[in-house]
Amino acid sequence: MNRIGILTSGGDSPGMNAAIRAVVRGSVYNKMEVYGIDRGYEGLMAGDIRELSVSSVSDIIQRGGTMLRTARSSHFMEPDGFKRAMDMLENFEIQGLVVIGGDGSLNGALKIGKAGVPVVGLPGTIDNDLAYTDFTIGFDTSVNTVLGAIGNIRDTSSSHERSTVIEVMGRNCGDIALYAGLAGGAETVLIPEFEPNINQICRKLIQGKNRGKLHSIIIKAEGVPISSQELADVITERTGLETKVVVLAYIQRGGTPTGRDRVLASRMGYRAVELLRDGVGNRAVGIRGADIFDIDLEEALNTARVYDNSINELGEILSI
Ligand code: F6P
């Protein structure tokens with residue numbers, strides 16, 4: 001293989017740039033040309049494709065977002081859009097493709113792989129919801145961004161003796177909430193994987209106040225089927241505590257990637273290059289423990305998430 005393409009797709013995540021840099025520089029090192037495809041599958045269908053050089057990925061390792069930009073594309077999954085995308089790969093003589101993105105993006109990659117162009121998927125999403133890998137690129141940065149916000153909110157909540165519901169992203173996965181809740185000392189964490197017990201939450205907040213706690217932090221993952229405002233209203237009604245709502249939204253998707261995410265992205269990006277260099281396609285790259293590994297892409301996407309409640313339990317114990 002001497003010419004590969006790379007695209008980022010779906011929601012961006014901090015560390016995508018570090019992965020692009022690793023793929024570009026790793027390819028050049030291995031004597032392959034790399035073509036950057038702008039705006040994910042949308043750009044592929046439109047032929048927004050250009051050659052990337054060693055210097056075109058200078059000064060991006062520390063930047064959030066993605067220099068290739070990104071998009072969500074339903075058109076690509078339709079027969080005419082998909083055909084156009086495959087034609088573009090042929091027009092530009094791209095023999096292998098690296099796709100960085102979440103669940104939907106890697107499903108798109110699988111479709112291309114099945115049509116005969118070798119693909120390697122890298123897990124790029126803040127949600128950490130791809131079960132085949134311990135961690136996804138961007139998750140660690142997102143958790144740290146949420147921690148920064150918790151710190152700020154804690155200051156003002158203490159001054160005013162308030163409770164605050166902080167809503168975090170994650171789609172149907174509670175990992176951002178769980179990790180940020182444990183590391184940020186939240187009083188309670190609500191996640192989609194675990195039915196919330198409102199009585200218990202209210203009891204805990206009141207007991208904390210009676211012991212002299214000046215504020216309480218409640219982290220709610222966006223996938224929990226109660227709105228943050230409704231939750232805050234219930235807490236105020238049942239406890240008498242003034243409760244504010246902060247929805248962190250896109251703040252937690254941008255920003256400088258952490259060292260951990262940059263290392264993860266660099267290692268995963270280089271593994272993708274090694275696979276395509278050796279003519280191996282239809283793989284997903286992940287990390288298990290400290291080890292980077294690759295697995296059949298379809299198997300990766302079919303891996304069921306097994307929810308482990310231990311972080312939630314520990315958070316509850318340590319925030320009594
Ligand atoms: O998948 C990443 C993510 O940020 C989710 O946490 C969130 O639910 C979704 O994307 C938001 O998507 P959009 O950028 O389309 O609003």
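Which residues in H5 meet Asp175, Ile176, Tyr179, Ala180 and Ala183 in H6? In this predicted model, local features need pLDDT of at least 70 and side-chain atom pairs count only at pLDDT 80 or more, while totals for chains, interfaces and linings use all residues. Residues are numbered from 1 along each chain as its sequence is written, and side-chain values use heavy atoms, with hydrogens and water left out.

On the H5 side, it's Phe139, Ser142, Val143, Val146, Leu147 and Ile150 that meet those H6 residues (contact means heavy atoms within 4.5 Å; helices are DSSP runs of H or I with at least four residues, strands runs of E with at least two, numbered from the N terminus). By class, the contact of H5 with H6 has nine nonpolar residues, one polar and one charged (Ala, Val, Leu, Ile, Met, Phe, Trp, Tyr, Cys and Pro count as nonpolar, Asp, Glu, Lys and Arg as charged, and the others, Gly among them, as polar).

Then there's the sheet: seven strands, open, mixed in pairing, and ordered E3-E2-E1-E4-E5-E10-E11 (two strands pair if DSSP finds at least two bridges between them). Strands E3 (49-52) and E11 (291-296) sit at the edges with a single partner strand each, so one side of each has no neighbour in the sheet. Strands E1 (residues 3-8) and E2 (residues 33-37) run parallel, joined by four bridges, and arginine 3 stands opposite glutamate 33 in E2.

Helix H1 (residues 16-29) lies across E1, E2, E3, E4 (96-101) and E5 (119-123), running at about 175 degrees to E1 (axes are lines fitted to C-alpha atoms, for helices over the stretch in contact, and angles run from 0 to 180 degrees between N-to-C directions).
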